[in-house]
Amino acid sequence: QVQMKADSTVYVPFNLILRDPKKHIKSLQCDKNHADKLHHGVDNENVARYKYIVNLPRPDHYFPVLRYKCSSKLRPLPLRVQSKIRDEGLTCAVAIQVSSNPENKELLKTLFIKMTVPSNVKGETLTTEPRGGKWNKSERSILWSVEELDAGEKFLLHAFFELSKAFSNNGTLPMKKFPIQVRCKCMYTQFSNIALDVVPVPNYPCQVETKFARRFFVTYQKEE
């Protein structure tokens with residue numbers, strides 16, 4: 001997302017350039033309402049380079065411009081998720097531990113942990129330890145929020161459900177039945193070497209200053 005602040009009432013377009021030296025980007029989407037692709041390719045230094053022209057309708061508002069996803073091979077990760085789910089007849093117990101990478105330079109803030117459950121889980125019977133997990137009936141998911149995690153800090157939570165029918169293989173269940181997503185933000189830390197730059201458009205001379213706020217969205221699925 002991009003927000004523009006200007007000293008003038010005449011708003012000019014600008015170029016947004018994204019560089020990906022280690023080719024971490026897996027997919028990239030451009031919002032065509034506010035940006036147009038000028039160039040996608042590899043430069044003379046074998047660096048993936050994406051260039052867009054951006055034209056925002058008004059200042060002091062955030063507008064979506066680009067959304068990109070990184071490959072699962074990106075390291076280091078800002079956090080680690082571990083989970084275990086136990087089926088005991090017509091009850092189900094879930095344990096999730098989220099750990100902040102000890103090498104993080106800043107706090108991870110505003111964490112949202114979302115777990116989707118299969119159809120035989122009775123969401124209305126949900127209880128959590130600690131309290132705070134919220135059931136979303138339409139999405140069949142549970143959402144927890146954590147204010148912040150310091151480097152190396154861990155957050156452990158448990159959820160307990162009743163089942164409308166037992167799973168066929170009593171015992172430890174495959175994690176793919178309970179996919180987990182974790183969203184968090186960290187203002188001054190970046191784990192990839194992807195770089196963004198804003199430069200004037202030719203024929204629209206102006207002085208440009210930039211400020212970046214960074215957010216992470218991590219999707220976790222335990223391997224079988």
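Which strand does strand 11 (residues 121-129) pair with, and over how many bridges? Select strand 11 together with strand 14 and you have the answer: the two run antiparallel, paired over five bridges. (Strands are DSSP runs of E with at least two residues, helices are H or I runs of at least four, and the numbering starts from the N terminus; two strands pair if DSSP finds at least two bridges between them.)

Before moving on, note that this is a predicted model, in which local features need pLDDT of at least 70 and side-chain atom pairs count only at pLDDT 80 or more, while totals for chains, interfaces and linings use all residues. Residues are numbered from 1 along each chain as its sequence is written, and side-chain values use heavy atoms, with hydrogens and water left out.

**Stop 1**

Keep strand 14 (residues 154-163) selected and show its side chains. Phe155, Leu157, Ala159, Phe161 and Leu163 make up the covered face, while Lys154, Leu156, His158, Phe160 and Glu162 are on the uncovered one. Now pick Thr128, whose bridge partner in strand 14 is Ala159.

**Stop 2: a salt bridge**

Select Lys114 and Glu139, which form a salt bridge with their closest N and O atoms 2.9 Å apart. The two residues come from distant parts of the chain, 25 residues apart: Lys114 belongs to strand 10 (residues 108-116), and Glu139 to the loop between strand 12 (134-136) and strand 13 (141-149). The rule asks for a side-chain nitrogen of Lys or Arg within 4 Å of a carboxyl oxygen of Asp or Glu, and by it the count comes to one salt bridge.

How accessible are the two partners? Lys114 is partly exposed at 26% relative accessibility, and Glu139 is partly exposed at 42%. (Buried means under 20% relative accessible area, exposed over 50%, and partly exposed in between; areas come from the Shrake-Rupley method with a 1.4 Å probe, and for residues only the protein chains shown count as cover.)

**Stop 3: two charged patches**

Which residues gather in a patch of positive charge on the surface? Select Lys26, Arg67, Lys69 and Arg183 to see them. Arg67 sits in strand 7 (residues 66-70) and is exposed, with a relative accessible area of 57%.

For the negative patch, select Glu147, Glu148, Asp150 and Glu153. Glu147 is part of strand 13 and counts as exposed at 67% relative accessibility. (Patches are made of residues with over 30% relative accessible area and no salt bridge, like charges being joined within 9 Å and nonpolar side chains, namely Val, Leu, Ile, Met, Phe, Trp and Tyr, within 5 Å. Lys and Arg count as positive, Asp and Glu as negative, with His and the chain ends not counted; each charge is placed at NZ of Lys, CZ of Arg, CG of Asp or CD of Glu.)

**Stop 4**

Most residues other than glycine have a negative phi, and most peptide bonds are trans. With that in mind, select Asn46, where phi is near 60°. Asn46 lies in the loop between strand 4 (35-42) and strand 5 (48-54) and is partly exposed at 48%. Then try Thr110 in strand 10, with phi near 50° and a relative accessible area of 35%, partly exposed.

Finish at Glu129 and Pro130, joined by a cis peptide bond with omega about -5°. Pro130 is in the loop between strand 11 and strand 12.

Terms used:
Buried < 20%, exposed > 50% of the residue type's maximum accessible area, 1.4 Å probe, protein only.
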